[in-house]
Amino acid sequence: MKKIPLGIPGLDEMLGGGVPENHSILVCGGPGTGKTSFGMQYLYKGALMGEKGAFISLEQKSKRIVEDVQNAFSWNVEEEIEKGNLLMLDVDRYNFQNMIDLVQSSVMHHKVKRVVIDTITMLRLFFRDDYEFRKGLFNLLDFLSSINVTTIATVEKPYSVREEAVFGLEEFIADGVIMLYNMPKKNQRIRALEVLKMRGTDHSKSIYPFQIASDGLNVLLEEVL
Amino acid sequence: MKAEAFTYDLGTRIDLSKLEKLNYFRRTDNSDALVTDLKGLTLMVLSNGRIRLFEHERDFEQIRDKMLTASIEIYSIIEDIIKTLGLKVSAKQIISSGRREELGTDDLALFERKQNLSTHVLRSLLFASYDLAGDFQAERISTQAGEQIGRKAVKIKKPQSKEELIRLLKKLFDDLGLGKLSTVEREKGSVTLEAVFRVDDCALCSGVAPVNKKLCNLTRALLRGAFAEFKHMESITANETKCWGMGDTYCEFEVYSLAK
Ligand SMILES: Nc1ncnc2c1ncn2[C@@H]1O[C@H](COP(=O)(O)OP(=O)(O)OP(=O)(O)O)[C@@H](O)[C@H]1O
Ligand SMILES: [Mg+2]
Ligand SMILES: [Zn+2]
């Protein structure tokens with residue numbers, strides 16, 4: 001099975017090289033845990049390797065995200081957008097069909113291989129009830145896989161520590177789940193992550209601290225928590 | 001569908017009947033092309049001026065290998081074609097126009113031939129896709145077909161203004177027999193509203209029973225694809241707001257462009 005590197009040092013090692021191609025991975029976390037940065041790093045590092053990506057923004061205007069990322073990190077995201085290696089897509093957050101249209105068109109017409117949906121929690125707004133949501137989500141992830149896309153979908157969680165984790169139906173449908181935490185330690189918080197599941201490959205079961213710095217996310221494998 | 005060829009471009013439409021006197025060519029069934037076999041390759045000359053090389057598997061690596069062994073023959077056929085047609089280009093120039101080409105159904109000579117497909121066949125395909133693939137996939141299939149057509153139309157005709165784009169779309173709907181397309185003037189409730197279209201006598205849905213489905217994803221995506229291609233921007237959405245399938249008596253579509 002071909003692995004797609006996420007471009008996040010440390011995490012790719014935890015996964016034995018990356019995530020399995022065509023799989024859909026959820027990145028779950030509380031507010032400010034680094035979900036959007038994770039997604040942008042995956043696309044930016046992919047673009048540098050010549051793999052095109054699309055960012056579907058359901059939460060903020062994509063223009064705002066580009067500004068924030070340009071300010072926060074040393075990456076030249078604008079250049080990759082200019083070159084067509086990175087598509088930043090805005091979508092009406094109340095229309096599921098419109099969103100899939102954009103994904104489909106990016107993949108079929110622009111040869112996109114990496115897709116980020118930020119955040120999938122917003123998709124719930126498209127549906128009447130949980131049953132419809134589950135069906136829609138299943139169709140979406142299945143579709144993405146069938147058109148050979150490796151997807152990162154972020155999920156908002158109302159908690160930031162591991163002990164409080166409760167799983168939603170998303171975690172059962174997706175092929176893989178990565179949890180981002182912001183854990184209290186003495187009188188500060190430290191960032192940590194773990195791979196909760198990853199179908200089709202072995203992975204590290206430990207929880208490791210990570211940093212967000214000017215070159216993005218970076219997992220510190222020397223310090224198991 | 002993954003299929004590739006290697007293609008040269010003569011840069012002009014050509015009269016294939018003139019080339020028929022080159023006795024190694026034979027006409028294909030649809031008579032829009034001449035072909036000849038060449039060391040495991042097929043060389044095809046199309047009336048749109050393309051010379052296409054492909055092999056059995058439509059696999060690029062294999063084409064390249066076979067082109068190497070047939071390079072002298074290819075060169076002399078191109079020289080023959082140029083001489084016979086009296087073109088003012090050199091074989092060298094044509095050879096340098098050669099490029100790897102991905103083949104798709106949108107290469108089926110769109111806009112070059114008018115042929116009527118019965119609405120019955122079209123709708124049978126449409127309903128079969130719902131029955132076999134389910135609503136979600138059926139929608140995606142129609143969407144893909146529509147996007148292809150809309151983008152291709154804009155790529156070929158290159159409209160310079162929104163008015164030209166709309167005129168092009170009206171003609172396209174006529175030519176393809178999709179229905180009668182018109183625009184609807186609508187109070188601009190939203191700055192992002194690009195256009196509202198109405199389709200009468202829609203090939204996909206007019207007259208169908210109200211099955212509680214919007215049936216015209218092909219049309220919807222055609223409009224979206226055309227605007228996306230025209231504006232060089234992906235954040236375009238199109239919605240079907242009226243459809244026979246929903247109990248209306250014509251189709252209506254709204255096209256929006258979301259901020260970059
Ligand atoms: N260069 C940097 N150095 C250190 N920390 C940074 C840097 N850039 C961003 N951060 C931190 O990363 C966090 C932002 O992450 P991000 O926006 O990706 O999180 P999120 O989970 O998407 O948040 P939200 O819940 O608001 O959507 C911020 O808390 C910010 O402090
Ligand atoms: Mg975010
Ligand atoms: Zn309709």
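Select the shell around ligand 1 to begin: its residues divide into five nonpolar, seven polar and three charged. Here Ala, Val, Leu, Ile, Met, Phe, Trp, Tyr, Cys and Pro count as nonpolar, Asp, Glu, Lys and Arg as charged, and the others, Gly among them, as polar. You are looking at a predicted model, in which local features need pLDDT of at least 70, side-chain atom pairs count only at pLDDT 80 or more, and totals for chains, interfaces and linings use all residues. Side-chain values use heavy atoms, leaving out hydrogens and water.

Now pick A:Lys35, A:Thr36, A:Ser37, A:Ala72 and A:Ile212, which come nearest among the 15 residues around ligand 1 (near means a heavy atom within 4 Å).

Next, show polar contacts (pairs of N or O atoms within 3.5 Å). Oxygen atoms of ligand 1 lie 2.8 Å from a polar side-chain atom of A:Lys35 and 2.8 Å from one of A:Thr36. For A:Ser37, a side-chain N or O atom is 2.6 Å from a ligand 1 oxygen. The protein buries 62% of the 650 Å² that ligand 1 exposes when taken alone (Shrake-Rupley method, 1.4 Å probe).

Then colour helix 2 (35–48) of chain A, the source of the largest share of the shell, three residues. Strand 10 (208–213) of chain A also supplies at least two residues. Helices are DSSP runs of H or I, at least four residues, and strands runs of E, at least two, numbered from the N terminus.

Finally, move to chain B, with its seven helices and ten strands. Its C-alpha atoms fill a box of roughly 65 × 40 × 30 Å along the principal axes. Of its 260 residues, 45% count as buried (under 20% relative accessible area, 1.4 Å probe, protein chains only).

How values were computed
Residues are numbered from 1 along each chain as its sequence is written. Chains are lettered from A and ligands numbered from 1 in the order in which they are written. A polar contact is a pair of N or O atoms within 3.5 Å; within protein, one must be able to donate a hydrogen and the other to accept it, and residues adjacent in sequence count only if both atoms are side-chain atoms. Buried means under 20% relative accessible area, exposed over 50%, partly exposed in between (1.4 Å probe, protein chains only).
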